[in-house]
Amino acid sequence: MGADRRYAYGAAAGLLGDLLLGDPRRGHPVAVFGRAAAGVERVLWRDHRGWGALHTAVCAGGAVALGAAATHAVRRSPAASVALTAAAAWAVVGGTSLVREARTIGHALEAGDLEGARARLPHLCGRDPQTLDADGVARAVVESVAENTSDAVVGALVWGAVGGVPGLLGFRAVNTLDAMVGHRSPRHRLFGWASARLDDVAGWPGARLTAVLAAVAGDDPRGAVRAWRADAGRHPSPNAGPVEASFAGALGVRLGGTLSYGGRVEHRPVLNGERGRTVVPQDIERAARLSRRVGLLALGVTVAARVITARFVTSRVVTARVAAAGVKGRTS
């Protein structure tokens, strides 16, 4: 069994595990990594970009190295390789927990429990919930579902297809570091710079694939493409912009606008403002379903790309060897 097939079976099993089980309530591998990264930060922290870059290299590099060592250890056993890939994919993909949290808030809003929805919102995003009405909470949830579909599902599958288990673990490590130190707090403005920039680079391909798949799987493909082209570039995030704009167009709603993080008010551009309507609580379920479809399509696309690439490379290698053998035969 080739490495491409091992990855394909393992990634599919890992995504199925996430769909059936979700994240563990205790001892999640990402949480373990977070505690380790926090420990490294306590040792290395200086108010300096260089020390932050070292922190990023140690933590993200350690995750990649662990994945590479584990892959090497099971390389002779197809079953163990598939199991390792499945475990890694299940550990880093968070689509089920994302959808569950979104639906919990949506059900609270539909039942008229605004306070309950506000209390639950911090489990999903960092907005200031007390400043939001029901539609504001719903908009925050839809935006979080869109962005985290890229970060918690599609981006991981993209890098898994590129680098196998090391790619899966490395992407999740980079994404986790950005959440921990990549924000512009006084403590992390310089120290977290490297993590934030690396997350932008690592998230770039997954964000574009997410935007494409949201257009394909959404209710209004043309609207998704239109909003992406018109509004994504105005968003302050190079990766959240395409994803949120495509989701907005696909769902026919307006995203963006004024929001508050930690008491700091931001005025972001409105996405799909000309054709979209205000987000309402019922749109949360629509966004959750779109996220599910995008995740499944992403699995198919990334696995197919890995298999096709592996077969193309193998074919070229075989052709080169045959040609070299022919040349050797004529000259002997």
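Author: Below, some terms are set against their values. This is a predicted model, where local features need pLDDT of at least 70, side-chain atom pairs count only at pLDDT 80 or more, and totals for chains, interfaces and linings use all residues. Residues are numbered from 1 along each chain as its sequence is written, and side-chain values use heavy atoms, leaving out hydrogens and water.

Reader: Why is H267 called exposed?

Author: Its relative accessible area is 65%. Buried means under 20%, exposed over 50%, and partly exposed in between (1.4 Å probe, protein chains only). So H267 counts as exposed.

Reader: What makes the link between the side chains of H267 and T258 a polar contact?

Author: The distance is 2.9 Å. A polar contact is a pair of N or O atoms within 3.5 Å; within protein, one must be able to donate a hydrogen and the other to accept it, and residues adjacent in sequence count only if both atoms are side-chain atoms. The 2.9 Å therefore falls within the 3.5 Å limit.

Reader: Which residues does H267 contact beyond its neighbours within four places in sequence?

Author: G257 and T258. Contact means heavy atoms within 4.5 Å.

Reader: How do you know that helix α4 has close to its expected span?

Author: Helix α4 covers residues 78-92, which is 15 residues. The expected span is 1.5 Å times one less than the number of residues. That gives 21 Å, and α4 reaches 21 Å from its first C-alpha to its last.

Reader: Which residues of α4 are buried?

Author: They are S81, V82, T85, A86, A88, A89, A91 and V92. Their cover includes α1, α2 and α7.

Note on methods
Helix = DSSP H or I, 4+ residues; strand = E, 2+ residues; numbered from the N terminus.
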